Amino acid sequence: MLPQGFPERMLHLLGEAEFAEFLASYERPRSAGLRLNPRKPLPDGASLPFCEAQVPWEPNGYYVCEGSRPGLHPWHDAGAYYLQEPSAMAPAHLLDAQPGERVLDLCAAPGGKTTQLAAAMQGRGLLVCNEIHPRRAQVLASNVERLGIPNALVLSEHPAKLAQRFPGYFDRILVDAPCSGEGMFRKEEAAVTDWSEATVAMCAARQQEILASAAEMLAPGGRLVYSTCTFSPEENEGVISAFLHAHPAFSVEPVEAPWFSPARPDWISDPAPGLEHAFRLWPHRLRGEGHFAAVLRSHADGARQDVPTERPAQLPAAAADFLRNCTQPLPDGVPVCFGSVCYLAPAETPALSGLRVLRAGLELGELRRDRFSPAHALALWLHTYPQTADFPAGGPEIAAYLRGETLHGTQRGWTLLTAGGLSLGWVRGADGILKNQYPKGLRRLR
Ligand SMILES: C[S@@+](CC[C@H](N)C(=O)[O-])C[C@H]1O[C@@H](n2cnc3c(N)ncnc32)[C@H](O)[C@@H]1O
């Protein structure tokens, strides 16, 4: 059931013929997708049984067969892929983040686009992902950890506060704005029940503010992508047009993306020039849900700004000893400790004091009574470790491990548990028993 007032709005915008096609898309099943994580390639010869065609605008993206449950496969827990609606893969593709850059994902939870940006950055550079709501920021942090991303700072701050701390600092910024969610009516019941004309107006006002903060943080010459999953012109062409009028140093960058439809400057009054280069993704014109995206380019003069960087901490000796034993070289980074928890923050990490930080890069582990316990995040980042225990991904041992049960094996001490070759967590071996170290909050009930 569509919310009252919504079909009338769309009929007015689209006209009768296209509205009929649009409406018919609600009778079709929604498209589901997943994105493979290049940091955790599937073992040679392996494939995922639930993947069908590739998503045209994302080389790692696949449509998922109807009725399949990829979230239940242990390789999901191992971070081999992220479940993501195909149209939602468009904004990060358009941002085109590069290894070594400074990239900000300003509205990042639960982390679909953050994890896609991380894949594009190949572990190099600084990825700051921010989510204003603390609970949602925890989900974001957990997904960053699951996909084994080493170079992300996870923050939970208001965009205006970040704008004060990071003027002109980022090469690329994604604003995947909170919106009225009209494009998600096929996917989320809450999007239908929460919708009203007043919500659209409230979202548009908030989007303007977020976008203005983002613009302050973009380096001269930088690229900013604004996206929503809604159809309303107020939240899309309207927001971008008002932004361009207020920020003459920006323009909409024309980008080659033949799968998407042009935006509709004719749906708003006083459209800024170039608005037609933004994109609309229509559920009746492609295989995916409704989205909007605009690529904005700064033409401001000047250079990228720097801020003071985080000072490296001295890792406790027990941590350094443990890490020396890792055969896989650690990424470039700055050791940072919060109390007894140690991280390897990305090189050039800005000073973090005064910011709400959920993860300062790769969590290495914790010092407990002079003993070092490696973090779950470290296990998921590792591909190899001198001592591993591997079990078939679909076998009973991995199912038991994910429920938090003890396994059997001859290994002694900290051992990397792998599911069909992909790291999944730690076990600690002694006397033929492999004690389960899978975090309690992630365990499956059955
Ligand atoms: C569309 S969702 C982001 C989805 C995410 N980019 C992904 O791909 O998984 C928008 C996010 O913006 C957050 N948000 C809400 N109000 C905000 C505000 N005033 N400033 C910044 N973010 C806000 C929401 O909590 C939500 O997580």
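Reader: Say a residue counts as buried if 20 or more other C-beta atoms lie within 10 Å of its own, exposed if 12 or fewer, and partly exposed in between, with C-beta atoms placed from the backbone; is Arg369 then buried or exposed?

Author: Arg369 is exposed, because 6 other C-beta atoms lie within 10 Å. This is a predicted model, in which local features need pLDDT of at least 70 and side-chain atom pairs count only at pLDDT 80 or more, while totals for chains, interfaces and linings use all residues. Residues are numbered from 1 along each chain as its sequence is written.

Reader: And where is Arg369 in the fold?

Author: Arg369 sits in the loop between strand S17 (362-368) and strand S18 (371-374), where helices (H or I, at least four residues) and strands (E, at least two) are DSSP runs numbered from the N terminus. Its phi is near 45 degrees, a positive value in a residue other than glycine. Most residues other than glycine have a negative phi.

Reader: What is the phi of Asp96, then?

Author: Asp96, also not a glycine, has a positive phi of about 60 degrees, and it belongs to the loop between helix H3 (90-95) and S5. Asp96 is partly exposed, because 14 other C-beta atoms lie within 10 Å.

Reader: Changing topic, which peptide bond is cis?

Author: The bond from Ala109 to Pro110 is cis, with omega near 5 degrees, and Pro110 is placed in the loop between strand S5 (102-105) and H4. Most peptide bonds are trans.

Reader: Which residues come nearest the ligand?

Author: Cys107, Gly112, Lys113, Asp176 and Pro178 come nearest among the 17 residues around the ligand, where a residue is near a molecule or strand if its C-beta atom, placed from the backbone, lies within 6 Å of it. Helix H4 (112-121) and helix H8 (197-217) each contribute at least two residues to that shell.

Reader: What's the shell like by class?

Author: The shell has 9 nonpolar, 3 polar and 5 charged residues, with Ala, Val, Leu, Ile, Met, Phe, Trp, Tyr, Cys and Pro counted as nonpolar, Asp, Glu, Lys and Arg as charged, and the others, Gly among them, as polar.

Reader: How do S2 and S3 run, parallel or antiparallel?

Author: Strand S2 (residues 51-54) and strand S3 (residues 61-64) run antiparallel and are joined by 2 bridges, and two strands pair if DSSP finds at least two bridges between them. S2 and S3 make a hairpin with 6 residues between them, and Gln54 stands opposite Tyr62 in S3.
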